[in-house]
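Have the viewer open as you read.

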Amino acid sequence: MAAEIQTIPYRRVYVWELPVRIYHWLNALSIVVLIITGYLIGNPQAIFNANEAYQQYWFGWVRFLHFTFSYIILFNFVFRIYWGFVGNRYARWDRFVPHRWSQLRDLWETIKTDIIQTKVHGRSIIGHNMLAGVSYFVLFHIFLLQTITGFALYSSMSNSFFPRLFAWAVPLFGGDAWVRQWHHLFMWFFVVFTIVHVYLVFYHDYFEGKGTTSSIIGGWKFERDDDIKNR
Amino acid sequence: MEKNIPTIRQAMEAKGYSRRDFLLFCGLATAAAGLELSGLAQVVQAFETKARPPVVWLHFQECTCCSESFIRSTHPIVADIIFDTLSLDYTETLLAAAGAQAEKCRDDTIKNNQGKYILLVEGSIPLGNEGYCMIGGKSAEQILKEAAAGAAAVIAWGSCASTGCVQAASPNPTTATPIKKIINKPVINVPGCPPIAEVMTGIVTHILLFGKMPELDSQGRPKEFYSRRVHDTCYRRPYYDAGLFVEAWDDEAARKGYCLYKMGCKGPTTYNACSVTKWNGNLSYPIQSGHGCIGCSEAGFWDNGPFYQHLGAFPGFGIESTADTIGVTAAAVTAGGIALHALTSNLRKRKLIEKNKEESVVVAPISEETDKKEVVETEKGGDEDGKSSS
Ligand code: SF4
């Protein structure tokens, strides 16, 4: 019946520290809320149409949520940048910015293993791989553009100093109409990103069996002993 | 050499206005310039002592709707600033002189009032070809530059002079250029197609009164009239916040006067005073008469997308594609790519999957006998279905 007993030792690796996990989920929540409310602001649906104006304020609330979460996502991100300097090695800023040859090699290796799949079995990488790092780095820039366009739009309806710091972007984009247009288009980048991100988490979990999905909840990943040694 | 320029009061008296008329004019000017009533004395004093400034009004590529709007200013005395009180020394549309005489009229005004005259420009400058808009053998650019050199203040009337308007709409065949890009002097941009008459008179009054330019925003527009969006003071705004929108031009919501946002109203992206000052003597404005704002005072409004649709077309993606079309396409392509990737991954990595399964251990259920003893068995190719190969 059974062949020889084979033991494969695994180790728990504490990858995502609590602040990183909190950042991740706050960010995820903000992105979802911002996408939904933002889409509604662009395309309000004819709901509650039977009421009179004095009975409701739903569109106002949708906008309120959008503005609130824009602050949350921004300052959450500011915190994450800080954590990129004080956090553990998996959270460090240099995991997002390829600046060493070995990182470029990792990048190419990931592309070979996971994208074009000329390689079946890739080297084990703890934390996120370099391709993921680079795509987050791109995401950060789109996020920056989204922040600029969003607060630039917001600046005309706010008396607070903060959104006004972004008012310069309006003439740069050629008026509010274009700022709005780009803000809307960038939203789709986040939609696409989210789809790919979730898929790849499932993909890695399925092929590698290291607990990728749960790692962002508990913080732990599971690595084979020999993978750790052969790094 | 130059006749003594009368003060504004003297000029009005010469036209037969009484002191009462003069004071009424001062009151209106005070309001137009956005001063408090306590500023009235200051205004009266200014108009009694200040010489009326000469004005040169140039027309380039435009439709004269700015002039039309201006002469319909509802405060007739304020409108008279230009036609009676100011000395309108040169304007093609209303000029009595013709030909060389008219040219001389302009040149004299410029020469004799260096640093004193106000230059009002209507229309954009066709840089594409000198021949377009050429007057008396001088290109539009040349005329503008000559006139601007000695002007005390330069005002760009309307969207043509401020941002290029319809002539500058893609593909801009004449290379229509707003005047601020041609002269290197501060320009007061007064966009709108046309601008509101009261806004125009308000700005001229401001210059008359204070002898300097009103406060401008980053796009050169006077803050007092262009710092808020049409949307911010729109009387339909409560419907917007309540989420009550017109869905079709003839639906019940349209009859009830709900917000026109979904009909493409550009109020939320347009900076102008329409919903406060309104038009035709405070009578109405586009939204009040049931039509959305088309954003005529915004830069490049002809190319900012369809008037009846909220999101504009994206350049390079065809006329009908909005950000949403692009986004949905991208999302669909991504989903397709993912499906393909999942499929090929399973095929290409089937060995890996098998290997992983081989490594899987079957943990036997804990029975009473083996309570303390760990029983671990490895089954080749085993999975929970028990499709064991051995
Ligand atoms: S009608 Fe236009 S300007 Fe008025 S509230 Fe609606 S969107 Fe804003």
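Which residues of helix α3 (residues 40-49) of chain B are buried? They are Val43(B), Val44(B), Ala46(B) and Phe47(B), where buried means under 20% relative accessible area, exposed means over 50%, and partly exposed is in between (1.4 Å probe, protein chains only). Looking down the axis of α3(B), these buried residues fall within an arc of 165°, so they line one face of the helix; the arc is that of the directions from the helix axis to the C-beta atoms. Over on the other side of α3(B), Ala41(B), Gln45(B) and Thr49(B) are exposed. The buried residues of α3(B) pack against α1 (8-14), α2 (19-32) and α9 (197-210) of chain B, and contact here means heavy atoms within 4.5 Å.

Some ground rules before going on. This is a predicted model, in which local features need pLDDT of at least 70 and side-chain atom pairs count only at pLDDT 80 or more, while totals for chains, interfaces and linings use all residues. Residues are numbered from 1 along each chain as its sequence is written, chains are lettered from A and ligands numbered from 1 in the order in which they are written, and side-chain values use heavy atoms, with hydrogens and water left out.

**Chain B as a whole**

Chain B has 15 helices and 9 strands; helices (H or I, at least four residues) and strands (E, at least two) are DSSP runs, numbered from the N terminus. Of its 390 residues, 49% count as buried. Take the contacts in chain B with a separation of 6 or more: 69% of them come from residues 24 or more positions apart.

Leu119(B) sits in strand β3 (residues 118-122) of chain B and is buried at 0% relative accessibility. Leaving aside neighbours within four places in sequence, Leu119(B) touches a list of residues including Val56(B), Leu58(B), Leu144(B) and Ile155(B).

Beyond its neighbours within four places in sequence, Thr177(B) is in contact with Ser124(B), Ile125(B), Leu127(B) and Ile182(B).

**Salt bridges**

Side chains of opposite charge can pair when their charged atoms come close. The cut-off used is a side-chain nitrogen of Lys or Arg within 4 Å of a carboxyl oxygen of Asp or Glu, and the whole structure has 24 such salt bridges over all chains. Here are some of them.

| Pair | N to O distance |
|---|---|
| Arg9(B) and Glu13(B) | 2.8 Å |
| Arg221(B) and Glu298(B) | 3.6 Å |
| Asp232(B) and Arg237(B) | 3.8 Å |
| Asp114(A) and Lys349(B) | 3.9 Å |

Arg9(B) and Glu13(B) are 4 residues apart in helix α1 of chain B, which means about one helical turn separates them. Arg9(B) is partly exposed at 22% relative accessibility, and Glu13(B) is partly exposed at 38%.

Arg221(B) and Glu298(B) are both buried. Asp232(B) is partly exposed at 25% relative accessibility, whereas Arg237(B) counts as buried at 17%. That pair belongs to a salt-bridge network linking Arg63(A), Arg229(B), Asp232(B), Arg237(B) and Asp241(B).

**Where the chains meet**

How many residues of chain B are in contact with chain A? The count is 56 residues of chain B against 58 residues of chain A. Between them the chains bury about 4,900 Å², 56% of it on carbon and sulfur atoms; buried area is the accessible area (1.4 Å probe) that two parts lose on being put together, summed over both.

Chain B and chain A share 2 salt bridges. The interface also has 23 residue pairs in polar contact, both residues at pLDDT 80 or more. A polar contact is a pair of N or O atoms within 3.5 Å; within protein, one must be able to donate a hydrogen and the other to accept it, and residues adjacent in sequence count only if both atoms are side-chain atoms. On the side of chain B that touches chain A, α11 (237-241), α14 (323-348), α15 (350-359) and β9 (376-378) each supply at least two residues, and the largest share, 15 residues, comes from α14(B).
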